[in-house]
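Reader: I would like to go through the terms used for this model one by one. Please set each value against its cut-off.

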Amino acid sequence: MAHPSQLGFQDAASPVMEELLHFHDHALMIVFLISTLVLYIIVAMVTTKLTNKFILDSQEIEIIWTLLPAIILILIALPSLRILYLMDEINDPHLTIKAMGHQWYWSYEYTDYENLGFDSYMIPTQDLAPGQFRLLETDHRMVIPVESPIRVLVSAEDVLHSWAVPSLGVKMDAVPGRLNQTAFIISRTGVFYGQCSEICGANHSFMPIVVEAVPLEHFENWSSLMLEDA
């Protein structure tokens, strides 16, 4: 959960998000070193009165400043491609959930069960219980088991939406007439918040996403209760 004045990312709750955080730190350190070197060169060139013809006209220097950026780009591109393929990898999911975007709420369908689905609306401010977050809480949470591969099929009923949960490293566009899919594994129990990250209309900011990760036995109890109510 993000908090006021937070500068970094939310704490990772999935292996993919942990990889994204490591890649962010890796790329940021490279950018910091490049910026420091460039700043030092600028200051040195401005403050010194000395010149060196071997620096101003040297093939060796030109080779270095051509190869060095190429090596740096490779050091950034290789881990980036690795994470990109990891995010697209879907291996034998234990549970499949279909998330459908509407104006302006989400509906969820657990496709592995015969009749398990519900709509998820934002709780109005006047109905919030103590400790609940304004504009982020929903009347029905998407409950899933921890340490299990989860596949989410994402689509939309009317306009473009986007199903996004930052702490899970998940963001998938919901396009009418098209079925996109994403996958993740939640490594710890907890409640994780997200929002529709596509400008989908007047109530765009009132489409929260709440994912609750629980142990497998608790998920089985929850699903049994939901099927009995249905």
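Author: Start with contact, which means heavy atoms within 4.5 Å. Helices (H or I, at least four residues) and strands (E, at least two) are DSSP runs, numbered from the N terminus. This is a predicted model, where local features need pLDDT of at least 70, side-chain atom pairs count only at pLDDT 80 or more, and totals for chains, interfaces and linings use all residues. Residues are numbered from 1 along each chain as its sequence is written, and side-chain values use heavy atoms, with hydrogens and water left out.

Reader: Which residues of H1 and H3 meet?

Author: On the H1 side they are Val16, Glu19, Leu20, Phe23, His26, Ile30 and Ile34. On the H3 side they are Ile72, Leu75, Ile76, Pro79, Ser80, Arg82, Ile83, Leu86 and Met87.

Reader: Why is H1 called roughly antiparallel to H3?

Author: Helix H1 (residues 15–47) and helix H3 (residues 59–88) pack at an angle of about 165 degrees, with axes 10 Å apart. That makes H1 roughly antiparallel to H3. The classes are: under 35 degrees roughly parallel, over 145 roughly antiparallel, 65 to 115 roughly perpendicular, the rest oblique. Axes are lines fitted to C-alpha atoms, for helices over the stretch in contact, and angles run from 0 to 180 degrees between N-to-C directions.

Reader: What is the handedness of the H1 and H3 crossing?

Author: The crossing of H1 and H3 is left-handed. The term applies if the near helix is turned anticlockwise from the far one by less than a right angle; clockwise gives right-handed.

Reader: Why is Thr96 called buried?

Author: Thr96 has a relative accessible area of 5%, so it is buried. The cut-offs are under 20% for buried, over 50% for exposed and partly exposed in between (1.4 Å probe, protein chains only). Thr96 lies in strand E1. Beyond four places in sequence, Thr96 touches Glu109, Tyr110, Thr111, Asp112, Arg151 and Leu153.

Reader: What makes E3 and E8 edge strands?

Author: The order of this open sheet of 5 strands is E3-E2-E1-E5-E8, with mixed pairing. Strand E3 (117–120) and strand E8 (180–184) each have a single partner strand, so one side of each is left without a neighbour in the sheet. The twist averages 25 degrees from one strand to the next.

Reader: How do you know that E2 and E3 pair?

Author: Two strands pair if DSSP finds at least two bridges between them. Strand E2 (residues 105–110) is joined to E3 by 4 bridges, and the two run antiparallel. Trp106 has Ser120 in E3 as its bridge partner.

Reader: What is the order of the open sheet of 3 strands?

Author: It is E4-E10-E9, with mixed pairing. E4 and strand E9 (190–195) stand at the edges with a single partner strand each, so one side of each has no neighbour in the sheet. E4 and E10 run parallel, joined by 4 bridges. E9 and E10 are antiparallel over 6 bridges. Val211 in E10 is the bridge partner of Met142, and also of Phe192.

Reader: How do you know that both faces of E4 are covered?

Author: Met142 and Ile144 on one side are buried, as are Val143 and Pro145 on the other. H4 lies across E4 and E10, at about 140 degrees to E4.

Reader: Which residues have the most contacts inside the largest nonpolar core?

Author: They are Tyr110, Trp163 and Phe184, in a core of 36 residues. A nonpolar core is a set of buried Ala, Val, Leu, Ile, Met, Phe, Trp, Tyr and Cys residues joined through side-chain atoms within 4.5 Å. Leaving aside neighbours within four places in sequence, the contacts of Trp163 include Ala99, Trp106, Met142, Phe184 and Val211.
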